[in-house]
Amino acid sequence: MSAIVAALPGPVPYRPSLRKGLQPYAVVLALLVFVAWSLDYLDIDLERLPGLLGRLADVLSQRYFPPDLEHIRRPDYLAAVGETFQMSYAATVVGMLIAVPLAWFASFNLSPHRRLLYPAARLIIAGCRSVHEMIWTILIVEILGFGMLPGTVAMTLFCIGFSGKLFTEAVEAIQPGQVEAIRATGANALQVFVFAALPQVRVAWTGIAIYSWDVVFRASTVVGFFGAGGMGAFLRESVQRVDSHRVAAILLSIIAIVFVAELISAWVRDRMLRAVA
Amino acid sequence: MPTTTSSAPWPISPAMPPVLEICDLRVSYVAGPEVLKGISFAVGADEFVAIIGSSGAGKSTLIRCVNRLVEPSHGRVLFNGRDMLRLDSGDLRRERRNIGMIFQQFNLIERMSVIDNVLTGRLGHTGTLRSLFRMFRREDIERAVRLLDRFGLAEHIDKRADQLSGGQRQRVGIARALIQNPGLLLVDEPTSSLDPKISREVMALIRDAAREFAIPVLCNIHDVALALEFGTRVIGLQGGRVMFDAPAAEVDQIVLNRIYNMEVL
């Protein structure tokens, strides 16, 4: 065999380490062991799993079938569907008007004031996120009473937390060179944000905005369950009356509408991204 | 180890005070050794100072201390007699307007048009509200067009910056710095992303513009041949210190070998 490089005179200064090679597998193994331990600790009986699908089919066919499709074609229900759309749209737009400046303040690389605005904006976004959207709904219904308003407010808070975090992450991932260049011209903090950051995050932000509406809409379909208006209110009513055929129809309609909303958002996203790229 | 020459007795006539005076500049990043260990020199109004030195010698850090893209930990940076390190954020911005900067990676706003990129050089002189709508002043737009025309980019004005070649992009970067009407040009490895032929063109462009508008230049460049050809004076950095500081004509192979530890040629 012809040697391309000459043999080393002394011992090879590098030795493969089996310990390092095994490390990633050890981590996966540890995770699985923890799952097994959790199942044991929680006393979860896995033997009941195989029958699950069969029983689900039984329950669906005996209790929920046929769905009361008449119920979801009533004008008041259709009006509620429209209201749910409006609620999610208003909450997303208002939420984003608030989330955009917050994202600027909360981005460490571009924040106009790292000692005050940065932590304040981080706190607001984290605060919106740390409370689950349904808990927000319950809290705000407590304060404002039933209706569309508490639902819209709760969804706005949800949108601020959700899109604010994603917007911020996009800004923090931009190329620092362009920021340096704009800063070096003597531009102020807002000018640096508008000229160095916005062109770089335009595509990502457009995607995030549409995705946020998608997620907010899905949440909006159930806020009514907690008294905050929209389709969810009908769900609650039917559940309380144990009217399973109606519950089935409403659940079907929610699934169908969320599916359609996702198709719409995918289409809009595609069109928008092509426009801003 | 060769001896360190601190502030070189560079002849500056009393009638012409230095544009830039750096005294005992030190920089240390958090939890690390000092990157610059006491740099001192002055730049006169008609100088093209080429700073050479191997990677990690502190060249980039040094020029970024002048407009405080990097915050030094000690020393003075006098620009036209004002200490840059003592300015509050508002005064710093006003002073940055008078210092143009040219970058290794061009640092253009890729998704913006060529002319808007040049006009960002006027942001410091453009009100925030105007700039939000990219309503740059008429005279600024005229100057941007003239600069681009002069640099052979007239037909690319409306193109997006990311559609240009490397040499064209660097020319846009130079136009962006020049439209500031700077009193000093900071240039950071302007040719490292370019091929040898374009590199010389770009260097000539910077030199000619600097001469024409009488702008002193502080230029990092690791290519020694270019440094000697275009610089009027060469400062060698090594390990965060000034190893030599001499007119370009006096730099010989011995000095170069010293700074690159015999790695040159």
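Visitor: In what order do the four strands of the open sheet in chain B stand?

Guide: This is a predicted model, and in it four strands of chain B form an open sheet with antiparallel pairing. Its edge strands are β2 (34–43) and β5 (82–83), each of which pairs on one side only. The order of the strands is β2-β1-β4-β5.

Visitor: Which residue stands opposite B:Leu78 in β5(B)?

Guide: Strand β4 (residues 74–79) of chain B and β5(B) pair in the antiparallel sense. Two bridges join this pair of strands. In β5(B), the residue opposite B:Leu78 is B:Asp83.

Visitor: What separation do the C-alpha atoms of B:Gly44 and B:Glu34 have?

Guide: B:Gly44 and B:Glu34 are ten residues apart along the chain. The separation of their C-alpha atoms is 27 Å.

Visitor: Which residues of strand β8 in chain B are buried on each side?

Guide: In a regular strand the side chains alternate between the two faces of the sheet. Strand β8 (residues 217–220) of chain B is covered on both faces. On one side the buried residues are B:Val217 and B:Cys219, and on the other they are B:Leu218 and B:Asn220.

Visitor: Which residues of β8(B) stand opposite B:Ile51 and B:Val187?

Guide: Strand β3 (residues 48–52) of chain B pairs with β8(B) in the parallel sense over four bridges. Strand β7 (residues 184–188) of chain B also pairs with β8(B) in the parallel sense, over four bridges. Opposite B:Ile51 stands B:Asn220, and the bridge partner of B:Val187 is B:Cys219.

Visitor: What is the handedness of the β-α-β unit that contains β7(B) and β8(B)?

Guide: The helix of this unit is α7 (residues 196–212) of chain B. Together, β7(B), α7 and β8(B) make a β-α-β unit that is right-handed.

Visitor: Which residues does B:Ser199 touch, not counting residues up to four places away in sequence?

Guide: B:Ser199 is found in helix α7 of chain B. With a relative accessible area of 5%, B:Ser199 is buried. The residues that B:Ser199 touches are B:Thr191, B:Leu194 and B:Leu226.

Visitor: What is the relative accessible area of B:Asn107, and what is that of B:Arg134?

Guide: B:Asn107 is not a glycine, yet its phi is positive, at about 55°; its place is the loop between β6 (99–102) and α3 (114–119) of chain B. B:Arg134 is not a glycine either and has a positive phi of about 50°; this residue lies in the loop between α4 (128–132) and α5 (138–150) of chain B. B:Asn107 is buried, with a value of 10%. B:Arg134 is partly exposed, with a value of 37%.

Visitor: How many helices and how many strands does chain A have?

Guide: From the N terminus on, the elements of chain A run α-α-α-α-α-α-α-α-α-α. The secondary structure therefore comes to ten helices and zero strands.

Visitor: What is the radius of gyration of chain A?

Guide: The C-alpha atoms of chain A fill a box of roughly 85 × 60 × 35 Å along the principal axes. For 277 residues the globule rule gives 19 Å, and the value for chain A is well over this, so chain A is more spread out than a compact globule. The radius of gyration is 26 Å.

Visitor: What percentage of the 277 residues in chain A is buried?

Guide: Among contacts in chain A between residues at least 6 apart in sequence, 72% join residues at least 24 apart. Of the 277 residues, the buried part is 38%.

Visitor: How far apart are the end C-alpha atoms of helix α3 in chain A, and on which residue is its kink centred?

Guide: Helix α3 (residues 75–106) of chain A has 32 residues, so at 1.5 Å a residue it should span 46 Å. Its end C-alpha atoms are 45 Å apart, which agrees. The helix α3(A) has a kink of about 25°, centred on A:Met96.

Visitor: Is the peptide bond from A:Phe65 to A:Pro66 cis or trans?

Guide: A:Pro66 lies in the loop between α2 (52–64) and α3 of chain A. The peptide bond from A:Phe65 to A:Pro66 has an omega near -5°, and it is cis.

Notes. Residues numbered from 1 in each chain as written. Chains lettered and ligands numbered in written order. Predicted model: local features only at pLDDT ≥ 70, side-chain atom pairs only at ≥ 80, totals over all residues. Heavy atoms only, no water. Expected span 1.5 Å × (residues − 1). Bend = angle between axes of the 7 residues up to and from the residue. Buried < 20%, exposed > 50% of the residue type's maximum accessible area, 1.4 Å probe, protein only. Pairing = 2+ DSSP bridges. Right-handed = clockwise from strand over helix to strand, strands pointing away. Rg over C-alpha atoms; globule rule 2.2 N^0.38 Å. Contact = heavy atoms within 4.5 Å.
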